[in-house]
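Here are my notes for you, written as numbered points. Keep the viewer open and click on each residue as you read.

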Amino acid sequence: QVQLQESGPGLVKPSQTLSLTCTVSGGSITTKYYYWSWIRQPPGKGLEMMGGIAYDGSTYYRPSLKSRTSVSRDTSKNQFTLQLSSVTPEDTAVYYCARYDGSSGSYYYDYWGQGTQVTVSS
């Protein structure tokens, strides 16, 4: 029932800001105890959780990306967004939004978007 859909430009120039939006349907981003995360996978590498926003609006970030990453939400649209500043070609990856199920007895990513390719290149 829950569906997530990433949207945003597929090409970003170095030094600029990457911006993506995740639109959620079938469930509210304010429902306890779910967390809404951004995860990326560079070519040939594993998944990397970048950060996200919890049901109560609190944010969390991977320490290595914290200085460049910002996650926000618009509860009226049931959307959350990713902004990654000062991008380099190393930020080229498939970007996913996903729900982390933090309810009792769960604690895993139960729903994922399809992913969107973002290339950083001039």
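The points below go through the disulfide, the salt bridges, the aromatic rings and one serine.

1. Before you start. This is a predicted model, where local features need pLDDT of at least 70, side-chain atom pairs count only at pLDDT 80 or more, and totals for chains, interfaces and linings use all residues. Residues are numbered from 1 along each chain as its sequence is written, and side-chain values use heavy atoms, with hydrogens and water left out.

2. The disulfide. A disulfide is a covalent bond between the sulfur atoms of two cysteines. The cut-off used here is a pair of cysteine sulfur atoms within 2.5 Å. Searching the whole structure turns up one disulfide, and the partners are C22 and C97, with sulfur atoms 2.1 Å apart. The link of C22 and C97 is right-handed, with 70 degrees about the S-S bond. It bridges distant parts of the chain: C22 belongs to strand β3 (residues 18-25) and C97 to strand β9, 75 residues apart. As for the strand labels, helices (H or I, at least four residues) and strands (E, at least two) are DSSP runs, numbered from the N terminus.

3. Are those cysteines buried or exposed? Both C22 and C97 are buried. Here buried means under 20% relative accessible area, exposed means over 50%, and partly exposed is in between (1.4 Å probe, protein chains only).

4. Salt bridges around D91. A salt bridge needs a side-chain nitrogen of Lys or Arg within 4 Å of a carboxyl oxygen of Asp or Glu, and the count by this rule is five salt bridges. In one of them, the side chains of R40 and D91 meet at 2.9 Å, N to O. That pair links distant parts of the chain, with R40 in strand β4 and D91 in the loop between β8 (79-84) and β9, 51 residues apart. R40 counts as buried at 6% relative accessibility, and D91 counts as buried at 2%.

5. Which residue also forms a salt bridge with D91? R68 does, the closest N and O atoms being 3.0 Å apart. R68 sits in the loop between β6 and β7, while D91 sits in the loop between β8 and β9, 23 residues apart. At 22% relative accessibility, R68 counts as partly exposed. Now widen the view: salt bridges that share partners join R40, E48, R62, R68 and D91 into one network.

6. The E48 end. E48 forms a salt bridge with R62, and their closest N and O atoms are 3.9 Å apart. Here too the pair links distant parts of the chain, with E48 in strand β5 (residues 48-54) and R62 in the loop between β6 (59-61) and β7 (69-74), 14 residues apart. R62 counts as partly exposed, at 31% relative accessibility.

7. Aromatic pairs. Rings of Phe, Tyr and Trp (its six-membered ring) pair if their centres lie within 6.5 Å; planes under 30 degrees apart count as stacked, over 60 as edge-to-face and the rest as tilted. That rule gives nine aromatic pairs. Take Y96 and W112: their ring centres are 5.7 Å apart and their planes are at 85 degrees, so the pair is edge-to-face. Y96 lies in strand β9 (residues 93-101) and W112 in strand β10 (residues 108-112), so this pair ties together parts that are 16 residues apart in sequence. Y96 is buried, with a relative accessible area of 18%, whereas W112 is partly exposed at 35%.

8. Y100 is partly exposed at 24% relative accessibility, and Y109 is partly exposed at 27%. Ring pairs link Y33, Y35, Y55, Y60, Y96, Y100, Y109 and W112 into a cluster.

9. A serine to check. S37 lies in strand β4 (residues 34-41) and is buried, with a relative accessible area of 1%. Its neighbours by contact (heavy atoms within 4.5 Å), not counting residues up to four places away in sequence, include Y60, Y96, C97 and Y109.
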